[in-house]
Amino acid sequence: PAPPLPGFRFLPGHFDRTVQSDLVAAVIEAAATAPFWRPSMPRTGQPLSVKMTNFGPLGWVTDQARGYRYEPAHPETGAPWPPLPTALLDLWTAVSGYPAPPEACLVNWYAPGSRMGLHVDSDEAATDAAVVSVSLGDKARFRIGGTTRRGKTASMVLSSGDVVVLGGASRRSYHGVDRIYPGTSTLLPETVFPGGGRINLTMRRVTPA
Ligand code: MD3
Ligand code: FE
């Protein structure tokens, strides 16, 4: 079938401006103990253009020496990741259909000019759980394909407050972020996020329930 595959759900405008701004406040508070850092690719050590932090008992990290993995603590401070905000846990309960809470919430900050190449998320043993994504701030062009790298893809614009649920076959899809549309939102405070940009929150179950 043409992308996106079955199990993909798009909930445009799921969160109103008040909840969006509460989520940004939660990200800023979390970043006080778990600062955004710039991860590096395995082997090459090439830095990602996106800066990251995490919420929850586990966080996704990558570095040149040890590659992609989940860890209970921040790679630079060694402190445990801050807890998941209640609004996110409630969203997971409402849309994931999974009988256990998420263990990780990866927080990606895309400054203007940042992108994320096509990839599959495969570092989670809980392949039966959906990934739930929340977009905040500037609009982005999101791309999703099938389960092989060479194959048709479709693109769509994700806006602040949009939620995407990647369950079923779509969970194994290639996907990425082509570009950010700078200046399309006033949600992110310039003092904390110079140039604005976009934050994406992705909740994941890592170990099977
Ligand atoms: C489709 N993040 O963190 S979110 C990632 O906007 C990631 O930051 C993008 O890809 C972002 O790994 C996309 C939507 C998303 C998340 C996970 C998926 C789409 C997905 C897993 C499988 C298929
Ligand atoms: Fe991904």
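**View 1. An open sheet of six strands, in the order 1-10-7-12-5-2, pairs in the antiparallel sense.** The edges belong to strand 1 and strand 2 (51-55), each of which pairs on one side only. On average, neighbouring strands of this sheet are turned by 20 degrees against each other, direction ignored. This is a predicted model, in which local features need pLDDT of at least 70, side-chain atom pairs count only at pLDDT 80 or more, and totals for chains, interfaces and linings use all residues. Residues are numbered from 1 along each chain as its sequence is written, while chains are lettered from A and ligands numbered from 1 in the order in which they are written. A word on terms: helices (H or I, at least four residues) and strands (E, at least two) are DSSP runs numbered from the N terminus, and two strands pair if DSSP finds at least two bridges between them.

**View 2. Strand 2 meets strand 5, and helix 1 packs on the sheet.** Five bridges link strand 2 to strand 5, and the two run antiparallel. Look for Phe-55, whose bridge partner in strand 5 is Cys-105. Helix 1 (residues 17-33) touches strand 2, strand 5, strand 7 and strand 12, and its direction makes about 95 degrees with that of strand 7. Contact here means that the C-beta atoms of two residues, placed from the backbone, lie within 7 Å. Axes are lines fitted to C-alpha atoms, for helices over the stretch in contact, with angles from 0 to 180 degrees between N-to-C directions.

**View 3. Strand 10 pairs with strand 1 and with strand 7.** Strand 1 (residues 8-11) is joined to strand 10 by four bridges, running antiparallel, and Leu-11 stands opposite Val-163. Four bridges also join strand 7 to strand 10, again antiparallel; here Ser-133 is opposite Val-164. In a regular strand the side chains alternate between the two faces of the sheet. You can follow this along strand 10: Val-163 and Val-165 point one way, Val-164 and Leu-166 the other, and all are buried. A residue counts as buried if 20 or more other C-beta atoms lie within 10 Å of its own, exposed if 12 or fewer, and partly exposed in between, with C-beta atoms placed from the backbone.

**View 4. Ligand 1 is surrounded by 16 residues.** The closest are Val-131, Ser-133, Leu-166, His-175 and Asn-200. Two or more shell residues come from each of strand 5 (104-110), strand 7 (131-137), strand 10 (163-166), strand 11 (175-181) and strand 12 (198-204). A residue is near the ligand if its C-beta atom, placed from the backbone, lies within 6 Å of it. By class, the shell has seven nonpolar, seven polar and two charged residues; Ala, Val, Leu, Ile, Met, Phe, Trp, Tyr, Cys and Pro count as nonpolar, Asp, Glu, Lys and Arg as charged, and the others, Gly among them, as polar.

**View 5. Trp-60 and Arg-149 are two of the positions that UniProt lists under "binding site" (unreviewed entry).** The listed residues span 90 residues in sequence and their farthest two C-alpha atoms are 24.1 Å apart, so they do not all gather at one spot. Trp-60, in strand 3 (residues 59-61), is buried because 22 other C-beta atoms lie within 10 Å. Not counting residues up to four places away in sequence, Trp-60 touches Asn-54, Tyr-70, Ala-104, Leu-106 and Asp-123. Arg-149 sits in the loop between strand 8 (139-144) and strand 9 (154-158) and counts as exposed, with 11 C-beta neighbours inside 10 Å. Leaving aside neighbours within four places in sequence, Arg-149 is in contact with Leu-118 and Tyr-174.

**View 6. An open sheet of four strands has the order 6-11-8-9, with antiparallel pairing.** Strand 6 (116-119) and strand 9 are at the edges with a single partner strand each, so one side of each is left without a neighbour in the sheet. Strand 8 and strand 9 pair over five bridges, and Arg-143 has Ser-155 in strand 9 as its bridge partner.

**View 7. Arg-43 has a positive phi, near 65 degrees.** Most residues other than glycine have a negative phi. Arg-43 is found in the loop between helix 1 and strand 2 and is exposed, with 9 other C-beta atoms within 10 Å.

Conventions. UniProt positions are given in the numbering used here, feature names are shortened, and annotations may be inferred rather than shown by experiment.
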